[in-house]
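Please read the points below beside the coordinates. They are a colleague's notes, arranged by region.

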Amino acid sequence: MEKVQSHSFKAEMKQLLNLIIHSLYAHPEVFLRELVSNSSDALSKIRIKKLTDSTLFDFDSKLEIKIKLDKETNIFSIEDTGIGMDENDLINNIGTIAKSGTLEFISKLKESKKEDSSSLIGQFGVGFYSAFMVTDEVTIETRNDEPNGKAYRWKSNGDESFTIEEIEKENRGTKISFALKEEFKEYLEDWKIKTILKKYSNFVEFDLSVNDEKVNSVTAIWQRSKDDIKEEELNEFYKFVTNDYNEPLTHLHLNIEGNINFKSLLFIPASAPMNLYSNELDKGLQLYTKKIFIQDDSKNLLPDYLKFVRGVVDTEDLPLNVSREVTQTSPILAKIKTILTTRILNNLEEMSNKDKDKYKKFYLAFGPIFKTGANSDYTNKEKITKLLRFESTHSEDGEMISLTDYVSRMKEDQTEIFYLSASNKEIALKNPNLEFFKSKDIEVLILSDPMDVFVVPNLYEFDGKSIKSIDKADVKVTEAEEKSEEAKTNEDNFIAKFKDILGDKVENVIESLRLVDSPVTLVVGQQGMDAQMEKMMQMMDKDFVTSKKIMEINLKHPLIKNLEKLFVAKENEKLELAVNQLYEGAMLIEGYMKNPNEFVNRMYGFMQDATN
Ligand code: ADP
């Protein structure tokens, strides 16, 4: 190759650099965390490779990270004995954005308020390029593990282009060095660097030194006994594992011995990361065997509905050179998963009993994911169902109750658990289908999380009591009163007239046994989809056809009684207008109104009559 080759950055890279420099200026020290973390990754990679390949270049070199601060020359450098890079790696890994979503993230960062930005940074790595915040030019010197490989120097001012040239380098690994900008000279101070490292990198598993003085403890904290670990250390470890800036909500320290042997330190974060729902960014637990790091994204150690749990699992039962494929199918890991799941659920149960506020915090942050376990984890269905929480017609605003609470205060003759779904409690309380329940003081659960309508109907029952939506037509709440044969026939004809007028807009028209104050309501048939669920389906799929509703009419309501008189007097024109208006009004309340013009024009007609 020619002595010095020049390459230009891809367009998106320039954008990224620009964003990094202008968004992260409030947190310049992140560069240190990013560089140490890259070195640590490079060392982990070579440590795993060493297990199976004894021909690696520089096989015996000690795995470590050395930071040097030179006040004479203003140069900061960090050097590792990791896996190194060849020319291709330098071009492909250090000149492109590896992670999709990074650009999007940084743009978010730019929009966010300054106080939020630190927690956002924690959730994403910003990478090697953060170095350009504190310097104008970076030099990378690196050599990989090829026995006959070459060494390279990469140089760039982070602007348009970078250069690569071949160099001599005696040992394996990567050295990154740069002169600090005038305003960042403080990063040449030992104490300054050490303080930052303590914050971000105290648990790096390789020796880390600053000007030849060791700074980290390299202890596997989960290997120590519970009583030995201070709360503060746990919090620090949590922050190290997750990059979260906040303290965790709770932790769980397990030491399992027997058929299966492992130690584990798990955390539930205090708030949901913004990428909780995207699959791409879900991490999984860190897996170690015999204190040696294997992989940091073991998704198969926890069921999906617990994927927000963070931490490490260290087992003695797997070989050190376990491959990724093996970890995906290993029966040992499957057993560990079962144990972890049970322990986490027990922990949540305990929290829900002992510290309701804390549990509520958990539930608000992770409930939407957690509750899906009630449908997907058959073994633990009962446990999870007990941990579900809902608002209710009988709870204080903001208070959430469990199904156990509900059952314990059911009316004596009540045999079913009732729920109503709505986008929030305030809207739910206005639903006409609640009138009967209100009048009888029967409690109704309010499902206000969109996920609830997928989870709750599939529970079918709890504690032997079936769980029913009050929107459904088969909710039988009162017995129809005795009526004379003649009255019955008249009513039947009147109802038939309704059906006649509405035609195929409705599935059926029936007498309502649940309405108290409203003249009509729309309900779904026994097989029909919950109204809230239909709305979600409509949102996801514009062409989704909603099912026809059953219209219930309240024969005792004065308005309906008036209509019955019109019917007897054969004032069909007026009756038709009124029935259509009632139907559309009910659609409006349910949020289904498509064309408000007709409705409003008809209303003007009625108003004109009324004010005449
Ligand atoms: P990230 O670390 O998030 O992937 P970076 O921009 O920090 O993004 O690094 C890009 C890639 O460059 C890394 O994934 C790795 O392949 C390579 N790299 C960076 N630093 C080192 C290093 N010290 N040793 C070996 N490879 C490295």
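1. Strands β2 and β3 form a hairpin with four residues between them, and N74 in the turn has a positive phi of about 70°. The two strands, β2 (residues 64-70) and β3 (residues 75-80), run antiparallel and are joined by six bridges, with L69 having F76 of β3 as its bridge partner. Strands here are DSSP runs (E, at least two residues) and helices are runs of H or I of at least four residues, numbered from the N terminus; two strands are taken to pair if DSSP finds at least two bridges between them.

2. Strand β2 also pairs with β8 (residues 207-210), to which it runs parallel through four bridges, and K66 stands opposite S209 of β8.

3. This is a predicted model, in which local features need pLDDT of at least 70 and side-chain atom pairs count only at pLDDT 80 or more, whereas totals for chains, interfaces and linings use all residues. Residues are numbered from 1 along each chain as its sequence is written, and side-chain values use heavy atoms, with hydrogens and water left out.

4. The protein chain is divided into domain 1 (5-214), domain 2 (221-357), domain 3 (386-469) and domain 4 (485-611), with bounds that come from an automatic or database domain assignment. Between domain 2 and domain 3, the C-alpha centres lie 34 Å apart.

5. Where does L459 lie? L459 is found in the loop between α16 (452-455) and β18 (461-462), and L459 counts as buried because its relative accessible area is 1% (buried means under 20%, exposed over 50%, partly exposed in between, with a 1.4 Å probe and protein chains only). Leaving aside neighbours within four places in sequence, L459 is in contact (heavy atoms within 4.5 Å) with A374, N375, K381, T385, L388, L403 and I467.

6. In helix α18 (residues 531-540), the residues A531, Q532, M533, E534 and M536 are buried. The buried residues of this helix pack against β16 (416-421), α16, β22 (549-553) and α20 (572-590).

7. Y604 belongs to helix α21 (residues 596-611) and counts as partly exposed because its relative accessibility is 47%.
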